Amino acid sequence: MADYKYIILGAGPAGLTFANKLRESGIDSFLVIEKENEAGGLCRDKIVDGAALDIGGGHFLDVRNKEVDDYLFNFLPADEWNYFERDSRIRFQNYEINHPFEANIWQLPENKQNEYLDSISAAGCNSGKEKPQKFVDWITWKLGDKIAHDYMLPYNQKMFSDELNELGTYWLDKLPNVSFEDTFNSCRDHQAYGKQPGHAQFLYPKKYGYGEVWRRMANAISANIVYNCTVEALDIKNKTVTCGDKSWSAETIITTIPWKSVKKIEGFSDEVLQSISRLKHSSVEIKYYPETMDTDAHWIYYPDNDISYHRILVRSNFCLGSNGYWTETRKERVTDDNTEFAYMNDYAYPLNTIEKPEIMKGIISEAERNGVYPLGRWGEHMHYNSDVTVSRALEMAAKLISNN
């Protein structure tokens, strides 16, 4: 007999959502295993300089998915969140414009607008050229060589990888879709046109950091979580999990943790085991600075290669009553300086490499055949925001619970 009906690896948004759906369905035979001493994953926060600071980087609740929002309101009610219209900006050269770039070049001097418009009009997507397969070529094909050179390529290099052509192009529909016509009209009318990015409107807790909702979700299942327990071995076929000198078995395992973080995995074919080693990710350091920034922006992107960080989050503009800001810097670009607080996220972003879809297809197929279900940003190795992760967990819970 298995020790549990379900074992859930990881107490981040995906694992917590799935576990709470089990509880709500009357299933209490489950165990959540978490390596940290608290729940929340990348959405955790710490009290720094008298207020919450999100140590996993900038995370916000998008308002577009009502099902997700309503579900999270069961734990942190709607009246405990503040609503914001997103103010995100790009600071480059001697200019600052709103994001996305191509929708807001109207904020630049007229001669610069004309340069960008000429470049966009000549882009491959507007001149009938075939869509390229390499990342660098795709960016130029889509946005023109000037936006690619001044913003998109240097920014993505700072955030993800020095070797951008290791990345595929299959995920780029995540970018805001702004056509040449939209860009032209925005310059003419002095307002942004086109599809706006995610979190165009977002929620953030009034009195807490973003980690509060996940803490409350963890409290609801506190008897079913074990903390400070790093998964060292996972047996897919026998559905067993080992942490130090403890082992558990389950009828079903939900894994939301990075595949490469598990030292020993058994039950996969040699082909899948070898492919796991080829999954890539980035690590990002958060550094806090107490100085006040003279801006209304919630966050600012920095493509300039001479600046180590790729983004600043102006904490005081969304975590009301707080001070200062924090920077986000890819591990390879981190510089030494004296700061009040710094935290390195070893697993920050899954990298969408060219071969990743085929790798994950093999992993997910073999895992699910054996009753192990990958879920969320790390289980599926997808750059999901927290709202998408919760949505994925709600869907999987509904499916598996109904089948049992």
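D70 forms a salt bridge with K66 in this predicted model, their closest N and O atoms being 2.6 Å apart. A salt bridge here is a side-chain nitrogen of Lys or Arg within 4 Å of a carboxyl oxygen of Asp or Glu. By this rule the count comes to 28 salt bridges. Residues are numbered from 1 along each chain as its sequence is written. The model is predicted, so local features need pLDDT of at least 70 and side-chain atom pairs count only at pLDDT 80 or more, while totals for chains, interfaces and linings use all residues; side-chain values use heavy atoms, with hydrogens and water left out.

**The pair in helix 2**

- D70 and K66 both lie in helix 2 (residues 66-73), 4 residues apart, which is about one turn of the helix.
- Helices (H or I, at least four residues) and strands (E, at least two) are DSSP runs, numbered from the N terminus.
- D70 is partly exposed at 34% relative accessible area, and K66 is exposed at 58%.
- Buried means under 20% relative accessible area, exposed over 50%, and partly exposed in between (1.4 Å probe, protein chains only).

**Other salt bridges**

- K287 and D337 meet through their side chains in a salt bridge of 2.8 Å, N to O.
- K287 lies in strand 15 (residues 281-289) and D337 in the loop between strand 18 (325-330) and strand 19 (341-350), so the pair ties together parts that are 50 residues apart in sequence.
- K287 is buried, with a relative accessible area of 8%, whereas D337 is partly exposed at 36%.
- R44 and E36 form a salt bridge of 3.8 Å, N to O.
- R44 counts as buried at 7% relative accessibility, and E36 is partly exposed at 22%.

**Helix 3 against helix 7**

- The axes of helix 3 (residues 110-121) and helix 7 (residues 180-189) come within 10 Å and cross at roughly 165 degrees.
- Axes are lines fitted to C-alpha atoms, for helices over the stretch in contact, and angles run from 0 to 180 degrees between N-to-C directions.
- Helix 3 and helix 7 are therefore roughly antiparallel, a term for angles over 145 degrees.
- On helix 3 the contact (heavy atoms within 4.5 Å) is made by Q113, L117, I120 and S121, and on helix 7 by F180, T183, F184 and C187.

Methods
Angles under 35 degrees count as roughly parallel, over 145 as roughly antiparallel, 65 to 115 as roughly perpendicular and the rest as oblique.
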